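Open the model in your viewer and keep the selection tool at hand.

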Amino acid sequence: MSHSADRRHVDQIIGDLESLMQEWGTRDSGSAPHLEDVREKLRSLRGWTEAVDQRDRQARSIIETTLDAFIAIDRKGRIVSWNPQAERIFGWRCEQAVGHYLIDLIIPESHRDAHAKGVLRCLAKGEGGIENDRIEVIGCRKDGSEFPVELTIYQPAYYRSEHAEDANGDDDIALHAFARDITDRKRNDELLRESESLYHSLIDHLPIYVLRKDLDGRFLYVNQAFSELLEVPIHQILGKTDHDFFPKELADKYRADDRHVVELGDVLECIEENRTGDDVYYFEVRKVPIFGAAGEIVATQAIFWDVSA
């Protein structure tokens, strides 16, 4: 039974009882005090139902205006609620969607079997790996085009599958689903990966040394040239510090320079002299702070190159 049908049923019961109270009051004036007590309880009941209606209207207003598609399905997997954002995302109007099986309407045919089994597990047991969890699936619009969807499915607290056969009708809401079109997010992620790949490709082929460290001095990134300078593979450098590769005096200096950059929040430029046996090398060094999204310093980055010639 739907919420609106439940509400009409309760209103009818209250109305019938109020009519009976009025009829009994005209027949037996001696029972007036008792009837007044019953009337007060009925007024309280009607006030409670009105409060429930108010909360229901508020919830529906949120659902109607949310940026996510909201879909409710019954225990057979059929759609019973479909908000305006679901119409915009999937292309089906509410009256076209309601009554259809969710899986058939929004999941491409090639993906339906796997998702149908997952939804059935939720309906049968209230579990199955996707309930109350965000997952990414391939969705399907009315025109047949496919796109990435972030989907969250959960079971309302009032639904108890073990009593569904006795307590609920087929059209009772058994699962709620929130869906979001993540096409733009996926596209931006891909553009970011391409940009990072281009950046690393460029940096790895320049005749300079590039490295990045966290605030504790651990290497977060080094380019190929720096790896070759140390004669250590990149994966064996990341997570370690200067003290793992340089003499203590030199490593202490590098660490002090990093702290200086963090404390000042500014660029440090200098010429460093490094000695290896009888050989002397000069490097021009530029160290800069790296800022996080909130404006705080989260790392340091150094670029240096050989200026010995």
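How many nonpolar, polar and charged residues are in the lining of the second largest pocket? In this predicted model, the lining has 14 nonpolar, 2 polar and 9 charged residues.

Select the 25 lining residues; Phe246, Leu250, Tyr254, Asn274 and Phe283 lie nearest the pocket centre. The volume of this second largest pocket is about 690 Å³. Next, colour the elements that each supply at least two lining residues: β6 (209-214), α9 (224-230), α11 (248-264), β8 (268-276), β9 (279-291) and β10 (297-306). The largest contribution is from β8, with 5 residues.

Now go to Leu220, in strand β7 (residues 219-222). Leu220 has 44% relative accessibility, so it counts as partly exposed. Leaving aside neighbours within four places in sequence, show its contacts: Arg212, Lys213, Asp214, Leu238 and Ala299.

Move on to the largest nonpolar core, which has 23 residues. Select Ile71, Ile79, Trp82, Phe90, Ile106 and Leu151, the members that touch the most other members. Two or more core residues come from each of β1 (69-74), β2 (79-82), α3 (84-90), α5 (102-106), β3 (133-140), β4 (146-154) and β5 (173-181).

Centre on Phe90. Beyond four places in sequence, Phe90 is in contact with Ala69, Ile71, Trp82, Ile106, Cys140, Arg141, Lys142, Phe147 and Ala179.

Finish at a second, separate core of 16 residues, with Tyr209, Leu230, Ile237 and Phe304 among them.

Conventions
Residues are numbered from 1 along each chain as its sequence is written. This is a predicted model: local features need pLDDT of at least 70, side-chain atom pairs count only at pLDDT 80 or more; totals for chains, interfaces and linings use all residues. Side-chain values use heavy atoms; hydrogens and water are left out. A nonpolar core is a set of buried Ala, Val, Leu, Ile, Met, Phe, Trp, Tyr and Cys residues joined through side-chain atoms within 4.5 Å. Buried means under 20% relative accessible area, exposed over 50%, partly exposed in between (1.4 Å probe, protein chains only). Helices (H or I, at least four residues) and strands (E, at least two) are DSSP runs, numbered from the N terminus. Contact means heavy atoms within 4.5 Å. On a 1 Å grid over the protein atoms alone, a cavity is a set of points where a 1.4 Å probe fits but cannot get out, and a pocket is an open set with protein on both sides within 12 Å along at least five of seven lines; lining residues have an atom within 4 Å of a point. Grid points are joined across faces, edges and corners, and a volume is the space filled by probe spheres set on the points. Ala, Val, Leu, Ile, Met, Phe, Trp, Tyr, Cys and Pro count as nonpolar, Asp, Glu, Lys and Arg as charged, and the others, Gly among them, as polar.
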